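Thank you all for making the time this morning.

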Amino acid sequence: MKRSFTFFDPSVRFLAVMVAVLAPAFLMAQPALSGGDLDRVGKRIWQNECAGTVEGLTSWNTGENFASLGIGHFIWYPEGVEGPFEESFPKLVQWLGSRGVRLPNWLAGMRDCPWPTRAAFLKDSQGPWQRDLRTLLAATVREQTLFIMHRLQQAEPKFRQAAGRQGEKVARNMALLRMSAAGNFAMIDYVNFKGEGLNPKERYRGEGWGLLQVLTAMETPDAARAPAAFAAASERMLARRVANSPPERGEKRWMAGWANRCRAYGKPF
């Protein structure tokens, strides 16, 4: 094909070059999710994070210093608490407000998690504020799903630059995953599950485990095999995270569940 360009009008050659340049961006921009698929994505994320229960929408896991709220277990730190993981619940609250969702009066202006510890959170599990949260979060599954998708869309332009010499590979892998509902779900769920992989604080021994690291480690197949390749790469990245993690965190106890979640990415959506 390249050799045949010399026989064409220069304008035709220019058009062909532009198609070649823009094709990856075009593929990445094409969602493979219908409205029904969008609802299924939200329900699967809810199932993955909260076992699909309303009670699970307000959680605080053992050994953690933050609440995990919503279908995506969005992180909310108490006042004065900082951690290596990105805080996402305040951003969700802003997102819901911007989309016209009516928020509880007490929540609208609250920046920090009002429960200072896990014990305080559990003691107040049936209090009015947590009941308000569960009502709000159960009623906004689609909005929360769109929030997670928006997070992925915002990260996409940064991936290629962050990947350096692997940028072309990352762009191609995202384009292939975009071609199927299963591939779209894998990226949407994983970016919520383990982050973008762009935050330098989210590293153990200098190595991350987010979506960028999975896309970089993923073997580049054809579109039909892309979800399975993503599943295998995500499991490898999380196994590496566990191997690199501080022993006191005891992350090995989570690996079996994480592996099952990763393997599901390779199955039909």
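Let me begin with E49 and R261, which form a salt bridge whose closest N and O atoms are 3.1 Å apart; please bear in mind throughout that this is a predicted model. The pair links distant parts of the chain, since E49 sits in helix α2, residues 35-50, while R261 belongs to helix α12, residues 255-264, and the two are 212 residues apart. Are these two partners buried or exposed? E49 has a relative accessible area of 17%, and because anything under 20% is called buried, E49 falls into that class, and R261, at 11% relative accessibility, counts as buried as well.

The structure holds 15 salt bridges, and I will take you through two further examples. E55 pairs with R134, the closest N and O atoms being 3.8 Å apart. Here again distant parts of the chain are linked, with E55 in the loop between α2 and β1 (58-59) and R134 in helix α6, residues 128-138, 79 residues apart. In this pair E55 is partly exposed, at 48% relative accessibility, whereas R134, at 5%, counts as buried.

The other example joins the side chains of R178 and E156 in a salt bridge with an N to O distance of 2.0 Å. R178 lies in the loop between α8 (167-177) and α9, and E156 lies in helix α7, residues 141-163, so this pair ties together parts that are 22 residues apart in sequence. R178 is buried, with a relative accessible area of 8%, and E156 counts as buried at 14%. There is also a network to look for, in which salt bridges that share partners join E86, K91, R151 and E196.

Now, turning to the helices, how do α9 and α11 pack against each other? Helix α9, residues 181-194, and helix α11, residues 226-244, pack at an angle of about 15 degrees, with their axes 9 Å apart. That angle makes α9 roughly parallel to α11, because angles under 35 degrees are counted that way. The crossing of these two helices, α9 and α11, is left-handed.

If you want to find the contact on your screens, look in α9 for A182, G183, A186, M187, Y190, F193 and K194, which meet P227, F230, S234, L238 and R241 in α11. Sorted by class, this contact of α9 with α11 has eight nonpolar, two polar and two charged residues.

Notes:
Residues are numbered from 1 along each chain as its sequence is written. This is a predicted model: local features need pLDDT of at least 70, side-chain atom pairs count only at pLDDT 80 or more; totals for chains, interfaces and linings use all residues. Side-chain values use heavy atoms; hydrogens and water are left out. Axes are lines fitted to C-alpha atoms, for helices over the stretch in contact, and angles run from 0 to 180 degrees between N-to-C directions. Helices (H or I, at least four residues) and strands (E, at least two) are DSSP runs, numbered from the N terminus. Angles under 35 degrees count as roughly parallel, over 145 as roughly antiparallel, 65 to 115 as roughly perpendicular and the rest as oblique. A crossing is left-handed if the near helix is turned anticlockwise from the far one by less than a right angle, and right-handed if clockwise. Contact means heavy atoms within 4.5 Å. Ala, Val, Leu, Ile, Met, Phe, Trp, Tyr, Cys and Pro count as nonpolar, Asp, Glu, Lys and Arg as charged, and the others, Gly among them, as polar. A salt bridge is a side-chain nitrogen of Lys or Arg within 4 Å of a carboxyl oxygen of Asp or Glu. Buried means under 20% relative accessible area, exposed over 50%, partly exposed in between (1.4 Å probe, protein chains only).
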